[in-house]
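Please read them with the structure open beside you.

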Amino acid sequence: MSIPSAYSFTRYLTAKKSVDDRALNRYVWQSLSAALPRSTAEQPLHILEIGAGLGAMVERLVAGGLLSHATYTAIDMEPTLIAEARRRLPQWAAEQGWQVRQSGQEQIHIQRPGQDIGITTEAIDVAHFIARERGQRTCDLLIAQAFLDLVDVPTTLPALLSLLRPGGLFYCPITFDGGTVLQPEIEPALDAAIEACYHQTMDRRLVDGKPSGDSRTGRHLFTHLQAAGAEVLAAGSSDWVVFTGANGYPADEAYFLHFIIHTMHTALSGHPDLDPGRFADWIAQRHAQVEQGTLMYIAHQLDLLGRVPAPLVATRE
Ligand SMILES: C[S@@+](CC[C@H](N)C(=O)[O-])C[C@H]1O[C@@H](n2cnc3c(N)ncnc32)[C@H](O)[C@@H]1O
């Protein structure tokens, strides 16, 4: 492909799916599968996913056979992504042999013998969602994929966990954890400076004047979860590793790489510690490496599965 002249976040999220599929930690995934309570038509699982993007995780959980009877609420602050999820999910489910019913724009119902899943999508900021739902404590599983590194975890996490029923589970895969590796090296000192400045932009990110991000969210989650009284049941790395094979980059992963380089370019433009000319050359060389199929990219990330405390069972004297 040629270097894109414009970038689409929807195409990036679509391209990210095959990268995530390889990266997701199998041990944490199997632990999630084992920890999910049995669901029935009378007692479906209630799942909430925040920052759900195009709904890739709904597809993954359904395709992986982890859901039989469930209600799945997928929210994201971006209306364009939610609109695209509403367009794609029914089509995907029908292709997989599910019977699909839609009631209104927000509700998708998919059924197969012995399986029944209601999916609700909503374009809403997580802070507004929490304010509206606070205290409900009905959720069996909370999912936040590639999301917690974008928010202020110390304030957001306790509010999110308060949406879970006692004993409820949370699953936070693809949480960034402070490693951006691009090979081959261009100029080792400059490569290292750019990586450090890039991570610094995550650490200093403000949204509406409030801190929103941490380049080492993955490792810090353990302490934040402990402080929130939650238990980590399983954890493991889920690094993105993107490289060319005999047939070039798989799927749309060349675009994925161009998007990552473009994101670094946008985040670091005008950074006082980087010489503008050398930085512009570095970005151009990285895009060229994608074109030549020589760029290899690793992002270090962690998957965590955990549980909030269950009520104490009264013991008989
Ligand atoms: C890196 S993307 C991950 C999307 C999806 N979870 C995936 O892995 O494909 C992060 C998503 O979080 C959403 N997001 C960011 N801040 C949010 C907020 N405050 N409330 C709701 N969604 C938010 C973005 O719109 C984006 O779709």
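1. A193 sits in helix α7, residues 188-203; helices (H or I, at least four residues) and strands (E, at least two) are DSSP runs, numbered from the N terminus. With a relative accessible area of 29%, A193 is partly exposed. Buried means under 20% relative accessible area, exposed over 50%, and partly exposed in between (1.4 Å probe, protein chains only). From C-alpha to C-alpha, A193 and R132 are 43 Å apart in space, and in sequence they are 61 residues apart.

2. On the basis of these notes: this is a predicted model, in which local features need pLDDT of at least 70 and side-chain atom pairs count only at pLDDT 80 or more, while totals for chains, interfaces and linings use all residues. Residues are numbered from 1 along each chain as its sequence is written, and side-chain values use heavy atoms, with hydrogens and water left out.

3. The ligand is surrounded by 17 residues, and the closest are K16, G51, D76, V126 and Q145; a residue counts as near if one of its heavy atoms lies within 4 Å of the molecule. The shell divides into ten nonpolar, three polar and four charged residues. In that division Ala, Val, Leu, Ile, Met, Phe, Trp, Tyr, Cys and Pro count as nonpolar, Asp, Glu, Lys and Arg as charged, and the others, Gly among them, as polar. Helix α1 (residues 9-23) gives the largest share of the shell, three residues.

4. A nitrogen atom of the ligand is 2.9 Å from a polar backbone atom of V126. For Q145, a polar side-chain atom lies 2.8 Å from an oxygen atom of the ligand. On its own the ligand has 590 Å² of accessible area, and the protein covers 87% of that. The areas come from the Shrake-Rupley method with a 1.4 Å probe; for residues, only the protein chains shown count as cover.

5. V126 also belongs to helix α5 (residues 126-133), where V126, F129 and I130 are buried. These residues cover an arc of only 100° around the axis, which puts them on the same side of α5; the arc is that of the directions from the helix axis to the C-beta atoms. H128 and A131, on the other side of α5, are exposed. The cover over the buried residues of α5 includes β1 (45-50), β2 (69-76), β5 (115-123) and α6.

6. At the start, a side-chain oxygen of D125 comes within 2.8 Å of the backbone nitrogen of A127. A polar contact is a pair of N or O atoms within 3.5 Å; within protein, one must be able to donate a hydrogen and the other to accept it, and residues adjacent in sequence count only if both atoms are side-chain atoms. Just after α5, G135 has a positive phi of about 85°.

7. In helix α2 (residues 26-35), are V28, W29, S31 and L32 buried or exposed? They are buried. Seen down the axis of α2, the buried residues fall within an arc of 160°, so they line one face of the helix. Q30 and A34 are exposed on the other side of α2. N25 caps the N-terminal end of α2, with a side-chain oxygen 3.0 Å from the backbone nitrogen of Y27.

8. The buried residues of α2 pack against α3 (56-63), β6 (139-143), β7, β10 (231-237) and β12 (296-307). V28 in particular has 0% relative accessibility and counts as buried. Leaving aside neighbours within four places in sequence, V28 is in contact (heavy atoms within 4.5 Å) with Y171, A234, A235, G236, D303, L304 and L305. Some backbone geometry deserves a check. Most residues other than glycine have a negative phi, and most peptide bonds are trans. I174, in strand β7, has a positive phi near 55° and is buried, with a relative accessible area of 1%. A251 lies in the loop between β11 (240-242) and α9 (253-268); its phi is positive, about 45°, and A251 is exposed at a relative accessible area of 70%. A cis peptide bond, with omega of about 5°, joins Q183 and P184, and P184 is in the loop between β7 and α7.

9. S162 lies in the loop between α6 (153-161) and β7 (164-183). S162 counts as buried, at 18% relative accessibility, and its side chain reaches the backbone oxygen of A159 at 2.6 Å.
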